[in-house]
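Here are my notes on the model you asked me to look over. I have kept to what can be computed from the coordinates.

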Amino acid sequence: PDAAPAVLRFLSDSENRDVRLLGVKILSRVGGKKPVAGLVQISLKDVDAEVRYQALYGLEQDQHDRALPLYVKQLTSDWNPIVCRAGLALGVVGNE
């Protein structure tokens, strides 16, 4: 769990899609609350749709309550793609 911030920093610096996917896979296996903000950020902002998808679906069910307000906050973003992605994510994490 303590590695989550370091993995996230490494992810954001990599231009390699496969490296970012590996980072998402690692964060998804961490569990608990530490990787949630990072997975949410990736699911909203990564340039690659597959990386975003894996980050969203990498959130475990017990992490959804923590992710929910982070997605709701993004509904007021000035950038429409973020709003759309947040709305989509809410359909996943808020659908329990």
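1. Basis of the notes. This is a predicted model, in which local features need pLDDT of at least 70 and side-chain atom pairs count only at pLDDT 80 or more, while totals for chains, interfaces and linings use all residues. Residues are numbered from 1 along each chain as its sequence is written, and side-chain values use heavy atoms, with hydrogens and water left out.

2. Helix H2, length and ends. Helices are DSSP runs (H or I, at least four residues) numbered from the N terminus. The 14 residues of H2 (residues 17-30) should span 20 Å at 1.5 Å a residue, and the end C-alpha atoms are 20 Å apart, which agrees; the expected span is 1.5 Å times one less than the number of residues. Just after H2, Gly31 has a positive phi of about 75 degrees.

3. Buried means under 20% relative accessible area, exposed over 50%, and partly exposed in between (1.4 Å probe, protein chains only). The buried residues of H2 are Arg20, Leu21, Gly23, Val24, Leu27 and Ser28. They cover an arc of only 160 degrees around the axis, which puts them on the same side of H2; the arc is that of the directions from the helix axis to the C-beta atoms. These buried residues pack against helix H1 (4-13), helix H3 (36-45) and helix H4 (49-57), whereas the face turned away from the buried side carries the exposed residues Asp18, Leu22 and Arg29.

4. Arg20. This residue of helix H2 is buried, with a relative accessible area of 7%. Leaving aside neighbours within four places in sequence, Arg20 is in contact (heavy atoms within 4.5 Å) with Leu11, Ser14, Glu15, Asp46, Val47, Asp48 and Val51.

5. Helix H4. In H4, Val51, Arg52, Ala55 and Leu56 are buried. They cover an arc of only 130 degrees around the axis, which puts them on the same side of H4. What covers the buried residues of H4 includes H2, H3, H5 and H6. At the start of H4, a side-chain oxygen of Asp48 reaches to within 2.9 Å of the backbone nitrogen of Glu50.

6. Aromatic pair. How many aromatic pairs does a search of the whole structure find? The search finds one. The rings of Tyr53 and Tyr57 have their centres 4.6 Å apart and their planes at 35 degrees, so the pair is tilted. Rings of Phe, Tyr and Trp (its six-membered ring) pair if their centres lie within 6.5 Å, and planes under 30 degrees apart count as stacked, over 60 as edge-to-face and the rest as tilted. Both residues lie in helix H4, four residues apart, about one turn of the helix. Tyr53 counts as partly exposed at 43% relative accessibility, and Tyr57 likewise at 45%.

7. Nonpolar core. Among the 22 residues in the largest nonpolar core, Val24, Leu27, Val40, Ile42, Leu59 and Tyr71 touch the most other members. H1, H2, H3, H4, helix H5 (64-73) and helix H6 (80-93) each supply at least two residues of this core. Such a core is a set of buried Ala, Val, Leu, Ile, Met, Phe, Trp, Tyr and Cys residues joined through side-chain atoms within 4.5 Å.

Conventions
A polar contact is a pair of N or O atoms within 3.5 Å; within protein, one must be able to donate a hydrogen and the other to accept it, and residues adjacent in sequence count only if both atoms are side-chain atoms.
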